[in-house]
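Subject: Handing over a structure, with notes

Dear colleague,

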Amino acid sequence: MLAALYPCPAMPIQAIAFDLDGTLIDSVHDLARAANLARADAGLAPLEVDAVASYVGDGAASLVARTLADDHHAEFTGSELQRAAMGNFDRHYKAGLKIATEFYPQVQHTLAELHAAGYPLAIVTNKPERYTLPLLELLGIHERFDCVVAGDTLPQKKPAAEPLLHAAAALNVPAQALLMVGDSKNDLLAARAAGSPVVMVDYGYGENVAALGADALISAFDELPAVLAALNTTV
Ligand SMILES: O=C(O)COP(=O)(O)O
Ligand SMILES: [Mg+2]
């Protein structure tokens, strides 16, 4: 069901950029396993998966700092403890990028439908390239995307505009015609900063996404083609 339609985009959507964690894939169990192994290496007890989910969204260094401190406000300052935890997380996560990670329902089918409809597709994630690229290969969808912008591809990551502007340039469309689809506030802020329309999914890791004022909010990935059609007819 199309839950909400807000102010319409400035021009028809010509291409689509997708967030990865919490939007296309449910990756939190593998992230939590690696984070909890890194905590165990530091002599700390494991965290609940839901706590780890609330710490996802600002890239791996931030996830390591937050899971190590069990505090959403913790920042990666490069302390010895954090650097050791980062190295351990990196080793554990690379060893199990896709043990429990799966697509959300209807993602593959809908991506194929959007590709067949002629939309160039991109990934714009805060996940670092060293995890993003092998994971897309393991998922068997790396060839679906004409452009992948990861968290360390550029000096800036979401919520900055640059990753979306970079994707728009790579896909040869104006940023106003590149739809961002994401699950968290960083996706919305990046889209707004780039002047791009944005659709939020409400099943990911972001909190209170319904209150963020996206152009549309969806509860299932296969609502996207209808939302696209609706957004494009309101232009
Ligand atoms: O790795 C993260 O912190 C989040 O990744 P995402 O941008 O794909 O949600
Ligand atoms: Mg996300």
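Predicted model: local features only at pLDDT ≥ 70, side-chain atom pairs only at ≥ 80, totals over all residues.

Residues are numbered from 1 along each chain as its sequence is written, and chains are lettered from A and ligands numbered from 1 in the order in which they are written.

Domains

The protein chain is assigned domain 1 (4–26 + 102–233) and domain 2 (28–94), with bounds that come from an automatic or database domain assignment. Their C-alpha centres lie 25 Å apart, and the contact between them takes twelve residues from domain 1 and eight residues from domain 2, where two residues are in contact if their C-beta atoms, placed from the backbone, lie within 7 Å. On the side of domain 1 that touches domain 2, three residues are nonpolar, five are polar and four are charged; here Ala, Val, Leu, Ile, Met, Phe, Trp, Tyr, Cys and Pro count as nonpolar, Asp, Glu, Lys and Arg as charged, and the others, Gly among them, as polar.

The shell around ligand 1

Around ligand 1 one finds D19, L20, D21, G22, V56, G57, D58, G59, L63, T125, N126 and K127, a residue being near a molecule or strand if its C-beta atom, placed from the backbone, lies within 6 Å of it. This shell consists of three nonpolar, five polar and four charged residues, and both domain 1 and domain 2 supply at least three residues to it.

G59 sits in the loop between α2 (49–55) and α3, helices (H or I, at least four residues) and strands (E, at least two) being DSSP runs numbered from the N terminus. Is G59 buried, exposed or partly exposed? With 19 other C-beta atoms within 10 Å, G59 is partly exposed, since a residue is buried if 20 or more other C-beta atoms lie within 10 Å of its own, exposed if 12 or fewer, and partly exposed in between, with C-beta atoms placed from the backbone. Residues up to four places away in sequence aside, G59 touches N126, K127, P128, G151 and K157.

N126, in the loop between β5 and α6, counts as buried, because 27 C-beta neighbours lie inside 10 Å. Apart from neighbours within four places in sequence, N126 is in contact with G57, D58, G59, G151, K157, K158 and N186.

Helix α4 (residues 80–94) has 15 residues and reaches 21 Å from its first C-alpha to its last, close to the 21 Å expected at 1.5 Å a residue, a span defined as 1.5 Å times one less than the number of residues. Its buried residues are Q82, A85, N88, F89 and Y93, and they cover an arc of only 130 degrees around the axis, which puts them on the same side of α4; the arc is that of the directions from the helix axis to the C-beta atoms. These buried residues pack against α1 (28–41), α3 (60–69) and α6 (129–139).

In α6, the buried residues are Y131, T132, L135, L136 and L139, and they fall within an arc of 120 degrees seen down the axis, so they line one face of the helix. Their cover includes β3 (25–26), α4, β5 and β6, and just after α6 the residue G140 takes a positive phi of about 75 degrees.

Helix α7 (residues 162–171) is mostly covered, with seven of its ten residues buried, namely P163, L164, L165, H166, A167, A168 and L171. What covers them includes β2 (15–18), β5 (121–124), β6 (147–149), β7 (178–182) and α8 (185–194).

Backbone points to check

A cis peptide bond joins K158 and P159, with omega about 20 degrees, and P159 lies in the loop between β6 and α7. N172, in the loop between α7 and β7, has a phi near 65 degrees, a positive value in a residue other than glycine, and N172 is exposed, with 10 other C-beta atoms within 10 Å. N208, in the loop between β8 (198–201) and β9 (216–218), likewise has a positive phi, near 50 degrees, and N208 is exposed, with 8 other C-beta atoms within 10 Å.

With kind regards
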